[in-house]
Structures are given as structure tokens and as C-alpha cells.
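Let's take a walk through this protein together. Have a look at the sequence and the fold before reading on.

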Amino acid sequence: MKLLYLDCQSGISGDMTLSALIDLGADIHYISEHLKKMPLDPFTLDVKQVDKRGISAKLLDLQFQDAGLRDVFQEVQQAAGALAKV
């Protein structure tokens, strides 16, 4: 059995966690297929190798289609406009 210990005293972000797991050997296709089973907006998942100040790591690029974001933004604008009229 393999064990991974995460010491997250100050929290941990999901993209950094997934990137680290992929860097350790987790299958990106397996992760992507299981994420697509969740009730999420359509997305693309890409992982790139990066070098930051001499440290090599994986960078997770998760992009959601922006159509839903535009709808939410329009709803926020409408709500803000309605509040401004009060």
C-alpha cells in the first residue's frame, strides 16, 4: 500500500493538488473522465511541464466554457441594477 501525507496547515488548492498527484504518476485521463461524471459545466483539462526558478513541476490548466459565466455575469449585473434603483 502506498501512503501520501499532505501537511496543509495553511490550506491547499485543488489545482495544485491535482498537479502534484499527476506529477507523482496519477493518470490525467482517469482524473478527467471521472471529473466529467460530476455535475460540472463542460471543461478542458491540460497539464504542462513548467520550470519556476529551477524547480520543475506540473501546471494544471482547467478551462470551463465561458457561456455559463456570461449568464452568471449578466444575472449579477441585472441584480446590481435592480439594487441601484432601490
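What follows is a short tour from the inside of the protein to its surface.

One thing to keep in mind is that this is a predicted model.

Let's begin with the core. The largest nonpolar core has five residues in all: Ile-22, Ile-31, Phe-43, Leu-45 and Leu-60. Each of them counts as buried, because a core of this kind is a set of buried residues joined through side-chain atoms within 4.5 Å.

Next come the charges. How many salt bridges are there? The count comes to one. Asp-23 and Lys-58 form a salt bridge, and their closest N and O atoms are 4.0 Å apart. Asp-23 sits in helix α1 while Lys-58 belongs to strand β2, which spans residues 55-64, so the pair ties together parts that are 35 residues apart in sequence. Asp-23 counts as partly exposed because its relative accessibility is 40%. Lys-58 is partly exposed as well, with a relative accessible area of 27%.

Finally, go back to helix α1, which runs over residues 14-23 and also holds Leu-21. Is Leu-21 buried or partly exposed? With 31% relative accessibility, Leu-21 counts as partly exposed.

Methods: Residues numbered from 1 in each chain as written. Predicted model: local features only at pLDDT ≥ 70, side-chain atom pairs only at ≥ 80, totals over all residues. Heavy atoms only, no water. Helix = DSSP H or I, 4+ residues; strand = E, 2+ residues; numbered from the N terminus. Buried < 20%, exposed > 50% of the residue type's maximum accessible area, 1.4 Å probe, protein only. Salt bridge = Lys/Arg side-chain N within 4 Å of Asp/Glu carboxyl O.
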